[in-house]
Amino acid sequence: MIRRIWAVIRKELLLITRDKIMMIVAFVAPLVLTVLFGFLYIQHSVNGIPIVILDQDQSEISRMIVRAFKDSEKFQLIHTADSFAELEKAVASERAYMGVVIPPDVSSNVKQGRSSQVGIILNGSNLLIMNTAANAANQVVQTLSGGITIKIMQGFGISEAKAYQAVTALAFRTRVWYNPTTSYVTFMVLGLLGTVLQQVTFLGVALSFVKEREDQTWKHLIGSQLRWWELIAGKFIVYFTIYTMNALVMFTLAIHCFGMPMRGDAGLLLVALLLFIAAMIGIGMVISVLTPSAAQALEISMLIAVPSFLISGYTWPAMSMPVLIQWLSKLLPLTHFLKVARSVVLMGNGWELVWPGLGVLVVFSLMTLPIVMTVVKYRMAKG
């Protein structure tokens, strides 16, 4: 019995060591992915959250508030808005994840001991960033309400009692946009839908050409006088139709059964889905025509798909990732699709804010075509 078990062990080890892809999956991939994910969260916390400030008071006190946010390592002031519409556009486009609105009467109210509220607008489409920003804003409030602020106000000729009264009167009012209930259904379901769609498309399409060779049907295709572009077009149409139908069912269920919001144009989301599916099919076909076996095609698909959601920036923000991982994430269509989908589905944005992401998906769809064309044409000519 022991000899038979040992024979099986030797056989499996030989199979693994003779197959480069299996070697990578068995020994290299766990180490690489561990290092990748370790570096992904190496900063331990989210810092440098981009914010925009609308200062309607333009006083010493309002400038003190601005400095307090600028001095916090959690925030990065990217712009000082001239109007609320400008601030709103910055938050809607995700150039900024938080907006600070300083009212025009904050200085006079504080000096006279009246209550005055500074508005904090949070982009709730990413709960991790929103919670971090909210907690950091609260720390800024506490700093402004401390003894340093009292001394600064005393410099304006205000007595200590009046200064303390003024500090306690300075408050912040928080509003959460796009996900006011901080629902994880609103936040997570969309990201998981994109990930699932990527996974099933990869796994299905990656087998399209390689199975023809393994099942000995490749020679029949060549003997049928089928042209190379007809073969590619036929396969593309089949998979494009299948996964478009899957995507429509998935998103319909998410919206009507699981409570995922749909705040933007459904037609714009459909365009993003079609481009994303086309890009996934293109990459899957490249894997299929370049790998010698179905097993290797599936293994390579998994190696690409497994880390893509985590490094896409959908949950853990890209600004807190090392630069190398940020660039790596930009090479994945999922990163750009999820950004467009979140902008349309959760934030209700239109074409003017999402066209750059759609353009990148078009590039991904087109750049794989020459590779597939060249390899298929060569193999059909070779027979």
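# Chat notes on a predicted model

Q: Tyr-178, buried or exposed?
A: Tyr-178 is buried, since its relative accessible area is 14% and the cut-off for buried is under 20%. Keep in mind that this is a predicted model.

Q: Where is Tyr-178 found?
A: In the loop between β5 (170-177) and α9 (184-205).

Q: What is the phi of Tyr-178?
A: Near 75 degrees, which is a positive value in a residue other than glycine. Most residues other than glycine have a negative phi.

Q: And what is phi for Glu-94?
A: Phi of Glu-94 is near 65 degrees, again positive in a residue that is not glycine.

Q: Where does Glu-94 lie?
A: Glu-94 is in the loop between α4 and β3. Glu-94 counts as buried because its relative accessibility is 10%.

Q: Which side chain does Glu-94 meet in a salt bridge?
A: That of Arg-342, at 3.5 Å from N to O. This pair links distant parts of the chain, with Arg-342 in helix α16 (residues 333-345) and Glu-94 in the loop between α4 (84-92) and β3 (98-102), 248 residues apart.

Q: Are Arg-342 and Glu-94 buried or exposed?
A: Both Arg-342 and Glu-94 are buried.

Q: How many salt bridges does a search of the whole structure find?
A: The search finds 3 salt bridges. Besides Arg-342 with Glu-94, there is Arg-63 with Glu-60, whose closest N and O atoms are 3.7 Å apart, and Glu-60 with Arg-67, at 3.4 Å from N to O.

Q: Why are Arg-63 and Glu-60 separated by about one helical turn?
A: Because they are 3 residues apart in helix α3 (residues 60-71). An α-helix has 3.6 residues a turn, so residues three or four places apart point the same way.

Q: What is the relative accessibility of Glu-60?
A: Glu-60 is at 34%, so Glu-60 counts as partly exposed. Arg-63 is partly exposed at 36%, and Arg-67 is partly exposed at 38%.

Q: Changing topic. How many helices and strands are in the chain?
A: The chain has 18 helices and 5 strands. Of its 383 residues, 47% are buried.

Q: What share of contacts with a separation of 6 or more comes from residues 24 or more positions apart?
A: Those residues account for 80% of such contacts in the chain.

Q: How many residues has the largest nonpolar core?
A: The largest nonpolar core has 98 residues, and those with the most contacts inside it are Ile-65, Phe-69, Phe-75, Met-98 and Phe-337.

Q: Which helix gives the most to this core?
A: Helix α13 (residues 266-290), with 14 residues.

Q: What does Phe-75 touch, not counting residues up to four places away in sequence?
A: Phe-75 touches Gly-48, Ile-49, Ile-51, Phe-69, Met-98, Ala-133, Ala-136, Ala-137 and Val-140. Phe-69 and Met-98 in that list are also among the residues with the most contacts inside the core.

Q: What about α14, which residues are buried there?
A: Ala-294, Gln-296, Ala-297, Glu-299, Ser-301, Ala-305, Pro-307 and Ser-308 are buried in α14. Helix α14 (residues 294-308) has 15 residues, and reaches 22 Å from its first C-alpha to its last, close to the 21 Å expected at 1.5 Å a residue.

Q: Over to Gly-264. Where is that found?
A: Gly-264 is in the loop between α12 and α13. Gly-264 is partly exposed, because its relative accessible area is 21% and buried means under 20%.

Q: How far apart are Gly-264 and Met-347?
A: Gly-264 and Met-347 are 7.0 Å apart in space, C-alpha to C-alpha, and 83 residues apart in sequence. Not counting residues up to four places away in sequence, Gly-264 touches Val-344, Val-345 and Gly-348.

Q: Last one, the surface. What is the accessible surface of the chain?
A: About 19,200 Å², of which 65% belongs to carbon and sulfur atoms.

Q: Which residues make the nonpolar surface patch?
A: Val-185, Val-249, Leu-253 and Phe-258 make a nonpolar surface patch of about 350 Å². Val-249 is in helix α12 (residues 228-256) and counts as partly exposed at 48% relative accessibility.

Terms used:
Residues numbered from 1 in each chain as written. Predicted model: local features only at pLDDT ≥ 70, side-chain atom pairs only at ≥ 80, totals over all residues. Heavy atoms only, no water. Patch = residues over 30% accessible without salt bridge, like charges linked within 9 Å, V, L, I, M, F, W, Y side chains within 5 Å. Areas by Shrake-Rupley, 256 points an atom, 1.4 Å probe, with all protein chains shown as cover. Salt bridge = Lys/Arg side-chain N within 4 Å of Asp/Glu carboxyl O. Helix = DSSP H or I, 4+ residues; strand = E, 2+ residues; numbered from the N terminus. Buried < 20%, exposed > 50% of the residue type's maximum accessible area, 1.4 Å probe, protein only. Expected span 1.5 Å × (residues − 1). Core = buried A, V, L, I, M, F, W, Y, C linked by side-chain atoms within 4.5 Å. Contact = heavy atoms within 4.5 Å.
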